[in-house]
Amino acid sequence: MKTLFIIGNGFDCYGHNMNTQYIDFRNFLVNRYPEYNKDFVGILQETLMPDGDEVYDMNEVVGSLIRTIDECSLKDWNNLEECLGNEFICNIAYDNEWLYKMTDDEDDNIFHSVYENEDLTNSIAGAYRILIDLFREWVFNELANIDFTRVQRLRKKPTFRKSLFLTFNYTLTLEKLYNISPNNICHIHGKSDDRNCHIYFGHGDDTEFDAFENYIGVGDAYNGLKRELRKDTNQAIVENMKFFRKLSNVKKIYSYGFSFSEVDMVYIKEISRILDAKRVRWYFNQYDWINNQENIEKVKRLGFKIRVSRRW
């Protein structure tokens, strides 16, 4: 197969008017927890239940998540993955700074202070870690139940025959709406009909959080949370290497709705490593051709021949 389609979320949300944007994830949280407490300023701590389980108050957790992400993303949530890095961790840490014990060499109770800091931050980080489970719940409960009989197909598009598809979407739009064989599709970040798959989601910031070095015992928990919120793109490539090996004969690439974010550029670089980019034509749809020149430049720098597709 000599044609590869790279499909991003714009294909679903703009091309097909589906509610698949990160702001729709926010709406899901609001609808799922209508009594969420966005003004909560207490300590996010587990409560020990009679059966031995330790649980958080989800209205407090969801309220804190929404408030923190709203602050990082300016309330539109478009850059949700990007903002889950250092900015997200710093916001959480500064919101809870009043809880931490200052520690120095003259602190007579330094070990007690360190223990308290560790205990508090582990509890706070555990609450924010629930974001991962909530995101998976959105994918498997909302995106998995899209009614494709109500979704209109694109009127104008290149032919999908004898093509491969690298999709960054969790939805089954290609399979359900265009009858593409699953054998020709790579859901690089997971898919909504497979609850056993790993859902890849998160930031690409590898730096360590070290803004609170005077509060000994705080950093480990927040760095642990930051690592868990990082998207493991290298592992995603390893898991899908069989698909990437199929790309060696590709001569044309069409992209639609792909954001070319820094965290996801590793996949494009992997494709350029497998192919001889100078012999491959990369077609952008007309919207991206006009409005996303920065993305076009990223592809140019990798050596691909750039074209605009008049077919979509």
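This is a predicted model: local features need pLDDT of at least 70, side-chain atom pairs count only at pLDDT 80 or more; totals for chains, interfaces and linings use all residues.

Modeller: In it, five of the five residues of strand S1, residues 3-7, are buried, so the strand is largely enclosed by the rest of the structure.

Colleague: Which residues point which way from S1, and are they buried or exposed?

Modeller: Thr3, Phe5 and Ile7 point one way, Leu4 and Ile6 point the other way, and all are buried. Buried stands for under 20% relative accessible area.

Colleague: What makes S1 and strand S4 a pair?

Modeller: Pairing takes at least two bridges. Five bridges join S1 to S4, residues 163-167, and the two run parallel. Thr3 stands opposite Ser163 in S4.

Colleague: How do you know that S1 also pairs with strand S6?

Modeller: By the bridges again: five join S1 to S6, residues 252-256, and these strands run parallel. Here Phe5 stands opposite Tyr254.

**Helices H2 and H3**

Colleague: Why is H2 called roughly antiparallel to H3?

Modeller: The axes of H2, residues 22-32, and H3, residues 58-73, come within 11 Å and cross at roughly 155°. Angles over 145 degrees count as roughly antiparallel, so that is what H2 is to H3. The crossing is left-handed.

Colleague: Which residues meet there?

Modeller: Arg26, Leu29 and Val30 in H2 meet Val62, Ile66 and Asp70 in H3. By class, this contact has four nonpolar, no polar and two charged residues.

Methods
Residues are numbered from 1 along each chain as its sequence is written. Side-chain values use heavy atoms; hydrogens and water are left out. Buried means under 20% relative accessible area, exposed over 50%, partly exposed in between (1.4 Å probe, protein chains only). Helices (H or I, at least four residues) and strands (E, at least two) are DSSP runs, numbered from the N terminus. Axes are lines fitted to C-alpha atoms, for helices over the stretch in contact, and angles run from 0 to 180 degrees between N-to-C directions. Angles under 35 degrees count as roughly parallel, over 145 as roughly antiparallel, 65 to 115 as roughly perpendicular and the rest as oblique. A crossing is left-handed if the near helix is turned anticlockwise from the far one by less than a right angle, and right-handed if clockwise. Contact means heavy atoms within 4.5 Å. Ala, Val, Leu, Ile, Met, Phe, Trp, Tyr, Cys and Pro count as nonpolar, Asp, Glu, Lys and Arg as charged, and the others, Gly among them, as polar.
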